[in-house]
Amino acid sequence: MPRPIRVQVSIPALRHNLTQIRTALAHQVQPLQRATPSIWAVIKANAYGHGIDQAVQGFAAADGLAMLDINEVVRCRELGWTKPLMLLEGFFCADDLASVDKHRITTVIHSFEQLELLERQAAQLQHPLDVMVKLNTGMNRLGFAPEQFNSAYQRLLFLQEQGRVRHLGKMTHFARADDDPSITYQQLQCFIQYTSQLPGRISVCNSAGTLTASLQQHLPAQFEQWVRPGICLYGASPFTAVSAQSLGLLPAQTLRAEIISVRELAAHQGVGYGHSFISSQPMRLGVVACGYADGYPRHAPSGTPVWVQGQPTQLVGRVSMDMLMVDLTSIPQARVGSEVVLWGQDGPSVDEVALAAGTIGYELLCAVAPRVPRVVLEK
């Protein structure tokens, strides 16, 4: 039989989270008497480890899907997705641009190199292209510098006049929407300053921005708005101090395993490689069929939350490639075969595990290894 470990992906949870986000947006804009923003559901990195097929099904009610990889775009079309798709980093070469044209993809343009390639290839396109032009407002990754933005946008407006571009819009990315509103508002003011006189839809809000109600009153009302939620759609929180549960979100991924060995430890015995944990008193130890080769973080320390048979306990010792150890002292009924939830439904949240391990939930969700059997929950 296979190792007793599996990762469950809940399509109902994906649907629920999308509904929660749309409802939150509707409540934000209602006092402002504005239309509810359209939603790009971000499904990059294999839908944050949940699977493109599951994301297309779970986010069927989204207005569009956004990702990075051309192959993921093609897969969405193969699955029957007919609504907009967006490449968040745009195209990288002429072949990519041909695929963008063929599959009717919205592309981000963030550099003059991309813009020049489009200008060279525009006459060969079969369809007018939908484009979002990215402004660097302080994230300092991708995007035109503020003083360059108008020039780039005017060149795309010219392509629009020629019929080579259809919808044209403006976007940016917030660096600290999760923890520092003052920086976010500085970025927003920069965005407004350099884009408000230019026509076209706007897209500024990632997960944290989408869930920050006060942002809406600062956004220009005259433009069609699209938001780009990511991590919150999968049931994790974009905020350090705000839980996913308090946001009404459900975990869409659950990593489950089983106890494969139980042993009694005397006081002052070491556990695992390097004996990083030494028992201070007699304890009962369970060995779990999950390790860093399965995607569990090797750097997770003793004390990281784990649930066994529906009860909270903790990791002890160093995580091995294929196993980890948990304290069963307070769960006397636990035995070989008892279920263990590493994160997700009926266990600790992925954010709690990530916090203990000094990382973020995004990394853990994306890191579950291909060798872990996947179970898709349809109901």
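Modeller: Two strands pair if DSSP finds at least two bridges between them; helices (H or I, at least four residues) and strands (E, at least two) are DSSP runs, numbered from the N terminus. The model is predicted, so local features need pLDDT of at least 70 and side-chain atom pairs count only at pLDDT 80 or more, while totals for chains, interfaces and linings use all residues. Residues are numbered from 1 along each chain as its sequence is written, and side-chain values use heavy atoms, with hydrogens and water left out.

Colleague: How do you know that strand β2 and strand β3 pair?

Modeller: Strand β2 (residues 38-42) and strand β3 (residues 64-67) are joined in the parallel sense over three bridges, and the criterion is at least two. W40 has G64 in β3 as its bridge partner. Both strands belong to an open sheet of eight, in the order β8-β7-β6-β5-β4-β3-β2-β9.

Colleague: What makes β8 and β9 edge strands?

Modeller: β8 (201-203) and β9 (226-227) each pair on one side only.

Colleague: Which residues make the contact of α7 with α8?

Modeller: P146, E147 and F149 in α7 meet C190, Y194 and T195 in α8, where contact means heavy atoms within 4.5 Å.

Colleague: What makes α6 roughly parallel to α7?

Modeller: Helix α6 (residues 112-121) packs with α7 at an angle of about 15 degrees, their axes being 11 Å apart. That angle falls under 35 degrees, so α6 is roughly parallel to α7. On the α6 side the contact residues are F112, L115, E116, L118 and E119; on the α7 side they are Q148, A152, R155, L156 and L159.

Colleague: How do you know that E339 and R6 meet in a salt bridge?

Modeller: Their side chains are 2.9 Å apart, N to O; a salt bridge is a side-chain nitrogen of Lys or Arg within 4 Å of a carboxyl oxygen of Asp or Glu. E339 lies in strand β17 (residues 339-343) and R6 in strand β1 (residues 5-10), so the pair ties together parts 333 residues apart in sequence. The whole structure holds 15 salt bridges.

Note on methods
Axes fitted to C-alpha atoms, helices over the stretch in contact; angles between N-to-C directions. Parallel < 35°, antiparallel > 145°, perpendicular 65-115°, else oblique.
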